[in-house]
Amino acid sequence: MAGKVSVKVENVSMKFSLSSEKVDSLKEYVIGILTGKQMAKDEFWALKNVSFTLEKGDRLGILGLNGAGKSTLLKAIAGVYRPTEGKITKKGVIAPLLELGAGFDMQYTARENIYLYGAVLGYNRKFIDTKFDDIIRFAELEKFVDVPLKNYSSGMKSRLGFAICTAVEPDILILDEVLSVGDAKFRKKSEKRIIDMFAHNVTVLFVSHSLEQVCSICNKGLILDHGEVKAFGSIDKIAPIYEEMTS
Amino acid sequence: MMVYIKGFWKRRFLLYELVIKGIRLKYRRSYLGIIWSLIEPILTTIVLTIVFGTLFGNKNRDFPLYIITGRLMFSFFQEGTKNACKSIRANAGMIKKVYVPKYFYPLSGILFNFIIFAISLIVLFPTSIYTKTVPTHRIWHLIPAICYLLVFTIGMGMILATLNVFFRDIEYLWNVALLMIMYMSAIFYYPEKLLKSGWFWILKYNPMFCIIDLARSGILNYSVTWWNLLYPMIFGLVTLLIGIVFFRKKQDEFILHI
């Protein structure tokens, strides 16, 4: 499967400051300066020196225990976080199915939100115009197009979010355990849509706790442990390591 | 530089959507909707004219026009900077979850207020008919005045948005500062007395007063000074530059503080 490089992560580190006294008022700041007190700065490296390269069509499963840095890594690749150190290069259209509906406005109707959220994802108006009916039909919200989102159930909201996110044909698909959207019927439908995307030679980054799910979808695996890459390679080699880790 | 312009152009639809969202949500569920942007300045001008005209004895015929010009410009500055100040915190949920160029938040907050301001300028027509003021060729003064106002507001907005991420107090401090700036900008009194006193610098070095005075000179037909034409332009551009540099330098830290 030698092809073009799709995602390249080079020595990426991500630092968070977990200062126990978070200074966000001017008074505390001035007092801190005047008394010469050192701000307790607990630095926490969510990612340490992570590097890997994916070629177009690779499907990477990211495994690790809670707090290993999986979601941070996905967010850094999606562009939400800027890595403290290192560099991430990616080619093509990204569909981040990270937090469905993060751009939604609750006072807006579904119609308005499709345009707003579409714009957040980088679509242009013409594209949304052509996909509008598809999105509504896929989310099964034909009757609620002009209802403000605050009156929606959480299932309806995530269905709409999923439909908008997957309206593109992405080159890179980022999945954070979102396969469980809505009821059983919608879940089947959404799974089918994602599997269909796989057929189009899309690069996938998938986070899950279920090794079974990862094995069925991915051809490569990456194990993160406390922010560091513990193992990276084909999924057949990675799966036993992860099994050993978790047992 | 080209990279930024390209990035901006690619995402212009998002900026448009954010601006429209501000306008739509501001007047949603009110019966008169956007017409409020016309009624509100007229009503407050009537109040101010009664208080400062009738009660304080400013009997000039064009006093209402004098007041409404100052008030319209100042209230855009006020609403725009307030909105920008809160913008990063108000959109914390979105910033943590999806990638959007961060300057879009303060910028869209200011631009939507600018559109409402532009619409509300319509009220200058009925007011000038009421005061029997005929516009002259000097009306062009409005163009630089409005440009300076926008540039200065965006610059201040970027600075405030950045500061407010790190110190929440700024939101409250800025409200007090706005009150001070309002009294220092001769919105509802004539500046002559103050200009002749030892306190003239309060007005002379206040960019808001210079901008408002520039606009008034266009509407009320008096000659413009070089000072009013140049000082607020330079002040505004420097503020914008500081705002952009400061915002850019700190924007990657936002996510750790919101």
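**Surface patch and inter-chain salt bridges**

In the predicted model, the side chains of B:Tyr31, B:Leu32, B:Ile34, B:Ile35, B:Trp36, B:Ile42, B:Leu43, B:Ile46, B:Ile50, B:Leu55 and B:Phe56 make up a nonpolar surface patch of about 1,200 Å². One of these residues, B:Leu43, is located in helix 3 (residues 36-55) of chain B and is partly exposed, at a relative accessible area of 44%.

Chain A contains 8 helices and 9 strands, and its C-alpha trace spans about 60 × 50 × 35 Å along the principal axes. Of its 247 residues, 49% count as buried. Chain A carries 34 positive and 31 negative charges, whose mean positions are 4 Å apart.

Over all chains, 13 salt bridges were counted. One of them joins B:Lys21 to A:Asp105, with the closest N and O atoms 3.4 Å apart. This pair crosses between chains, from helix 2 (residues 12-27) of chain B to the loop between strand 5 (94-97) and helix 3 (110-120) of chain A. Both partners count as buried, B:Lys21 at 13% relative accessibility and A:Asp105 at 12%.

A salt bridge also links B:Arg24 and A:Glu112 (3.6 Å, N to O), again between chains, from helix 2 of chain B to helix 3 of chain A. Here B:Arg24 is partly exposed, at 35%, whereas A:Glu112 is buried, at 12%. A:Glu112, B:Arg24 and B:Arg28 are linked in a network of salt bridges.

Within chain A, A:Arg137 forms a salt bridge with A:Asp134 at 3.5 Å. The two residues are separated by about one helical turn, because they are 3 residues apart in helix 4 (residues 125-139).

Methods: Residues are numbered from 1 along each chain as its sequence is written. Chains are lettered from A and ligands numbered from 1 in the order in which they are written. This is a predicted model: local features need pLDDT of at least 70, side-chain atom pairs count only at pLDDT 80 or more; totals for chains, interfaces and linings use all residues. Side-chain values use heavy atoms; hydrogens and water are left out. Helices (H or I, at least four residues) and strands (E, at least two) are DSSP runs, numbered from the N terminus. Buried means under 20% relative accessible area, exposed over 50%, partly exposed in between (1.4 Å probe, protein chains only). Lys and Arg count as positive and Asp and Glu as negative; His and the chain ends are not counted. The place of a charge is taken as NZ of Lys, CZ of Arg, CG of Asp or CD of Glu. Patches are made of residues with over 30% relative accessible area and no salt bridge: like charges are joined within 9 Å, nonpolar side chains (Val, Leu, Ile, Met, Phe, Trp, Tyr) within 5 Å. Accessible areas come from the Shrake-Rupley method with a 1.4 Å probe; for residues, only the protein chains shown count as cover. A salt bridge is a side-chain nitrogen of Lys or Arg within 4 Å of a carboxyl oxygen of Asp or Glu.
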